[in-house]
Amino acid sequence: MKILVVDDFSTMRRIVRNLLVELGFTNTLIQEADDGENAMIMLRSQPFDLVVTDWNMPNMTGIDLLRAIRAEAALKGLPVLMVTAENNRDQIIAAAQAGVNGYVVKPFTAVTLREKLTKIFERIAASGASA
Amino acid sequence: MNAVLPLAVDDSLPPELRDLLNSPEGPAFEHALDTMVRQREQHLFRALGQLARELHDAVRRLGGELAQEGVPGIVADARQHLQDVLEMSANAANRSIDFAERLRPQAESLARNAWDVLQQAEGDEPAAALAREAATFADSCRAGLGDMVVAQSWQDLTGQRIKKVASFIGTVESSLLELVRLTGALAGVEAPVDVAKVTSQEDADRLLSEFGF
């Protein structure tokens, strides 16, 4: 399992990484990118199973990253979990319309993150079984 | 200005005026016209000049007040202070996460060992009581340390606001520079650097110092 954590704040990347380990993703390779542009470079060069991304980042925001992922044939099925302080209705709708798989509002707890991740992995397992 | 073109042949003037200027009384008429226009212009310029000086003084006062003791002297200082806050808070958050990362495996190992002891000890032995206590403590430590890591997300949330304030200060700075240039030009101080060409901090400092900031 390979997860890409995208956030411009290194503290936040570290927190998400810690949470993933705490949630039992111990045999998981967790990689980091500090904005959408660098995330796209990494996503194009190696396979990932999940992207956890912030919204508000320089150069390429999380919503643009999500749209870029959905627009690229090789990446469009990749699950994307948004973890962001942006919590207004329009933004959540925009993320949903762009095809986000989960939306966690900061500040969040390990319980919330676990819930959303579990949902995403359940869906992946279900679609994998039906395929 | 039309100074290069004699008024009498200026096509942009109404034909009635051109006729008057071309008449024998033309020079006298033009002189009277000049005097009238100059008087009106001077009135306007005086009012504008006064306004510009007042504005310039106000902007200068603002610069002075910003430079008070304990307050960042220049805008770049203010931005640097915010950058320092960002770095200090990131360091503080990282230190807390360091502690948690170091202590969590210890808590996990304590919990494991306590459970091993509990497996072997009889229920009412002092060792069993201690092991039970240790196991409970280790579990709550592990949970607490996890929460402590998550709580460090304050650094990201406050940091985003600090970044927004820093960018707002940048906007205020360029507006202030534009104001300095405009008021300086209006107050009769020639603007030495086109504000559009102000790209470096040195340019900004030079422009401000030339206007007495």
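This is a predicted model: local features need pLDDT of at least 70, side-chain atom pairs count only at pLDDT 80 or more; totals for chains, interfaces and linings use all residues.
## Chain A at a glance

Let's start with the makeup of chain A, which has 5 helices and 5 strands. Read from the N terminus, its elements follow the pattern β-α-β-α-β-α-β-α-β-α.

Of the 131 residues in chain A, 37% count as buried. If you look at contacts in chain A between residues at least 6 apart in sequence, 61% of them join residues at least 24 apart.

## The sheet of chain A

The strands of chain A form an open sheet of 5 strands in the order 2-1-3-4-5, and the pairing is parallel. Strand 2 (29-33) and strand 5 (102-105) of chain A sit at the edges, each pairing on one side only. On average, and ignoring direction, neighbouring strands of this sheet are turned by 20° against each other. As a reminder, strands of a sheet pair through backbone hydrogen bonds, either parallel or antiparallel.

Now for the individual pairings. Strand 1 (residues 2-6) of chain A pairs with strand 2 of chain A in the parallel sense, over 5 bridges; here A:Ile3 has A:Ile30 in strand 2 of chain A as its bridge partner. Strand 1 of chain A also pairs with strand 3 of chain A, again in the parallel sense, over 4 bridges.

## Strand 1 and its surroundings

Strand 1 of chain A is largely enclosed by the rest of the structure, because 4 of its 5 residues are buried. From strand 1 of chain A, the chain crosses through helix 1 of chain A to strand 2 of chain A, making a right-handed β-α-β crossover.

Helix 1 (residues 10-22) of chain A lies across strand 1, strand 2, strand 3 (50-53) and strand 4 (80-84) of chain A, and runs at about 150° to strand 1 of chain A. Helix 3 (residues 62-71) of chain A lies across strand 1, strand 3 and strand 4 of chain A, running at about 175° to strand 4 of chain A.

## Helix 4 of chain A and A:Ala94

Another right-handed β-α-β unit is made by strand 4, helix 4 and strand 5 of chain A. Within helix 4 (residues 89-97) of chain A you will find A:Ala94.

A:Ala94 counts as partly exposed because it has 16 C-beta neighbours inside 10 Å, while a buried residue would need 20 or more. From C-alpha to C-alpha, A:Ala94 and A:Ile63 are 8.0 Å apart in space, although 31 residues apart in sequence.

## Chain B, a chain of helices

Turning to chain B, we find 6 helices and 0 strands, so the elements run α-α-α-α-α-α from the N terminus on. Of the 213 residues of chain B, 15% count as buried. Among contacts in chain B with a separation of 6 or more, 58% come from residues 24 or more positions apart.

The buried residues in helix 4 of chain B are B:Ala131, B:Ala138, B:Arg142, B:Leu145, B:Gly146, B:Val149 and B:Val150.

## Where the chains meet

Finally, let's look at the contact between the chains: 14 residues of chain B are in contact with 15 residues of chain A. On the side of chain B that touches chain A, the elements giving two or more residues are helix 3 (75-120), helix 4 and helix 5 (154-186) of chain B. Helix 5 of chain B gives the most to this side, with 5 residues.

By class, the side of chain B that touches chain A has 6 nonpolar, 7 polar and 1 charged residues.

Methods: Residues are numbered from 1 along each chain as its sequence is written. Chains are lettered from A and ligands numbered from 1 in the order in which they are written. Two strands pair if DSSP finds at least two bridges between them. Axes are lines fitted to C-alpha atoms, for helices over the stretch in contact, and angles run from 0 to 180 degrees between N-to-C directions. Two residues are in contact if their C-beta atoms, placed from the backbone, lie within 7 Å. A residue is buried if 20 or more other C-beta atoms lie within 10 Å of its own, exposed if 12 or fewer, and partly exposed in between; C-beta atoms are placed from the backbone. Ala, Val, Leu, Ile, Met, Phe, Trp, Tyr, Cys and Pro count as nonpolar, Asp, Glu, Lys and Arg as charged, and the others, Gly among them, as polar. A crossover is right-handed if, with the strands pointing away from the viewer, the path from the first strand over the helix to the second runs clockwise.
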